[in-house]
Amino acid sequence: MRRLFPVTDQTSADQTSAPADRTDREWSLDELAEAYAYPALGPQGHWLRANMVSTLDGAAQHDGRSQPISSETDMRIFGTLRALADVVVVGAETVRQEGYRPARAREAFAARRAAAGQGPAPAIAVVTAGLDLDFSLPLFTSPLVPTLVVTGAAAPADRVAAAAAAGAEVVLAGDGATVDPARIVTELAARGLRRQLTEGGPRLLGQFVAADALDELCLTISPMLAAGGAQRISGGPPVAVPHRLAPASLLEEAGFLYTSYRRI
């Protein structure tokens, strides 16, 4: 992997070769963690970043899953972003399609998380209006930290009770039957979950974009073409005016581009 942007003055120890982060080599997890560190947050601050992968022709999935268009390094970055987050926010459809499991503690990030005042692993927050979820899955029965179910005030009472009985924490982020994306961010932040990561799916990301709640997009561009009718990384109705982000980082390895764009 090598860094293409921003250009830095960091050089290797002997000061004679190319800058260390621009040399094509495998980066350590510590280096990835530094590259993807959250910005400093004030006492009431919060930051929502998304992590997605897309082919060159805009497909976010192949055969309904993102794994076929991913790479080993993409998965290392995926794990790093999780390890830096307080909470991973995901839509119910993605939980069902991708077979989500609880986040696990990783020894490589234990000291970093402890220094940041974080628990051993991020919580998983599942956004769902109807709570059509299998609460017997490990995501609910055996998480390291309790899974959150984010829903609206008018969610089916029997499903809310089932979620609570399974040990999930129910978070209300909407006054009716739907969930308000902007309230997801603030309700989670109010619980101390201020470093937020969403992994989709496209419908949920589109809702965050429409609500202007997204602070950062970490997008892996896969050097593949998929054609077909696969979803884009974000779905739903278009926004009135496209939101502009500024490039923060660009890494490259084996034709994959690992980008980060942040709110201007």
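Me: Leaving aside neighbours within four places in sequence, which residues is Leu204 in contact with?
Reply: This is a predicted model, where local features need pLDDT of at least 70 and side-chain atom pairs count only at pLDDT 80 or more, while totals for chains, interfaces and linings use all residues. Residues are numbered from 1 along each chain as its sequence is written, and side-chain values use heavy atoms, with hydrogens and water left out. Contact means heavy atoms within 4.5 Å. On that basis, the partners of Leu204 are Val89, Val90, Gly91, Val127 and Thr198.

Me: Is Leu204 buried or exposed?
Reply: Leu204 sits in helix H8 (residues 202-210); helices (H or I, at least four residues) and strands (E, at least two) are DSSP runs, numbered from the N terminus. Buried means under 20% relative accessible area, exposed over 50%, and partly exposed in between (1.4 Å probe, protein chains only). Leu204 has 5% relative accessibility, so Leu204 is buried.

Me: At roughly what angle do the axes of H2 and H4 cross?
Reply: Axes are lines fitted to C-alpha atoms, for helices over the stretch in contact, and angles run from 0 to 180 degrees between N-to-C directions. The axes of H2 (residues 72-84) and H4 (residues 107-115) come within 10 Å, and the crossing angle is roughly 30°.

Me: What does that make H2 relative to H4?
Reply: Angles under 35 degrees count as roughly parallel, over 145 as roughly antiparallel, 65 to 115 as roughly perpendicular and the rest as oblique. Therefore H2 and H4 are roughly parallel.

Me: Which residues in H4 do Thr80, Arg82, Ala83 and Leu84 meet?
Reply: These four residues belong to H2. Their partners in H4 are Phe109, Arg112 and Arg113.

Me: How are the rings of Phe135 and Phe140 paired?
Reply: Rings of Phe, Tyr and Trp (its six-membered ring) pair if their centres lie within 6.5 Å; planes under 30 degrees apart count as stacked, over 60 as edge-to-face and the rest as tilted. The centres of Phe135 and Phe140 are 4.9 Å apart, with planes at 75°, so the pair is edge-to-face.

Me: What kind of aromatic pair do Phe256 and Tyr258 form?
Reply: Both residues are buried, Phe256 at 9% relative accessible area and Tyr258 at 1%. Their rings are 6.3 Å centre to centre, with 10° between the planes. The pair is stacked.
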